[in-house]
Amino acid sequence: MADAKPRVKVPSSAAAGEAFTIKTLISHDMESGQRKDGDGNPIPRKIINRFTCDFNGTSVIDMTLEGAISANPYIEFDAMIDADGEFTFNWYDDDGSVYSATSAISLA
Amino acid sequence: MLGAGGLATITLAPAAMAAAFEDAIAAFTGGAAAGEGGIEISAPEIAENGNVVPVEVSAPGAEEIVVFAPGNPAPAVCNVKFGPLAGSQRLSTRIRLAKTQDVTALARMGDGSFVQVARTVKVTVGGCGG
């Protein structure tokens, strides 16, 4: 699914050292590998298996996803910053594709 | 199609599923016993649609959290490592549940100890293989 659309919601500014919430959503079928097609053949697994969020190269979270994550994975977590910079989000697909998004933020 | 998915789930013996779940926990803790407290799961008591069950896990001071759905064909749900810039050790997502079960989360704390918590979610329509 090359047309996976990532969406992220990050505040435009934040106070240093203060936690704020980041919400992310990406459109993806997350085919779990447990389903069968009309002929009874298993449908191969094709999911996003890893999600990472970094700020200026430092990790915020690094998550491994399994087939039990719902379609269109929604991930909400907290981050904090100590400088102006940019968040980088990466979603890694089973087929080798990597979907990316970035979001700039400044210190309040 | 519904029937085929259901059958695949049933043919997996419950004992084998429990063993897979326990193996997965042991793989995470390295065999260490997990304590209680310091970790929370919030999830609905009753999930009408097992395909999309909102779940939030929180374990202040944790370095890593894993979530399991022991009643699913594959018990692993996700594994989260918190980096230096995590604002809190909390994650909220949506998961699939095949049937009513105890969603379980474990955390590895900063001092290397482990804590565990489980929460029962009743599932009206299963979310795996449907």
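Predicted model: local features only at pLDDT ≥ 70, side-chain atom pairs only at ≥ 80, totals over all residues.
Visitor: Where does Asn56(A) lie in chain A?

Guide: Asn56(A) sits in the loop between β4 and β5, the latter covering residues 58-65. Its backbone has a positive phi of about 50°, although Asn56(A) is not a glycine.

Visitor: Where is Met30(A) placed, and is Met30(A) buried or exposed?

Guide: Met30(A) lies in the loop between β3 (20-26) and β4 of chain A. Its relative accessibility is 0%, so Met30(A) counts as buried. Asn56(A), by contrast, is partly exposed.

Visitor: How many helices and strands does chain A have?

Guide: Chain A has eight strands and zero helices. Read from the N terminus, the elements run β-β-β-β-β-β-β-β. The C-alpha trace of chain A spans about 60 × 20 × 20 Å along its principal axes.

Visitor: How many bridges join β2(A) to β8 of chain A?

Guide: Two bridges join β2(A) to β8, residues 98-107 of chain A, and these strands run parallel. Ala14(A) has Leu107(A) as its bridge partner in β8(A).

Visitor: Which residues does Thr52(A) touch, leaving out those up to four places away in sequence?

Guide: The place of Thr52(A) is in strand β4, residues 48-55 of chain A. With that exclusion, Thr52(A) touches Ile61(A), Asp62(A), Thr88(A), Phe89(A), Asn90(A) and Tyr92(A). Thr52(A) has a relative accessible area of 6%, so it is buried.

Visitor: How many disulfides does a search of the whole structure find?

Guide: The search finds zero disulfides over all chains. Take Cys53(A): the nearest cysteine sulfur is that of Cys78(B), 16 Å away. A disulfide needs a pair of cysteine sulfur atoms within 2.5 Å. Cys53(A) is buried, with a relative accessible area of 0%, and Cys78(B) counts as buried at 5% relative accessibility.

Visitor: What can be read for chain A as a whole, starting with how many of its residues count as buried?

Guide: Of the 108 residues of chain A, 40% count as buried. Chain A exposes about 4,900 Å², and carbon and sulfur atoms supply 45% of that area. Taking contacts between residues at least 6 apart in sequence, 57% join residues at least 24 apart.

Visitor: How many positive and negative charges does chain A have, and how far apart are their mean positions?

Guide: Chain A has 9 positive and 17 negative charges, and their mean positions are 7 Å apart.

How values were computed
Residues numbered from 1 in each chain as written. Chains lettered and ligands numbered in written order. Heavy atoms only, no water. Helix = DSSP H or I, 4+ residues; strand = E, 2+ residues; numbered from the N terminus. Buried < 20%, exposed > 50% of the residue type's maximum accessible area, 1.4 Å probe, protein only. Contact = heavy atoms within 4.5 Å. Areas by Shrake-Rupley, 256 points an atom, 1.4 Å probe, with all protein chains shown as cover. Lys, Arg positive; Asp, Glu negative; His and termini not counted. Charge placed at Lys NZ, Arg CZ, Asp CG, Glu CD. Pairing = 2+ DSSP bridges.
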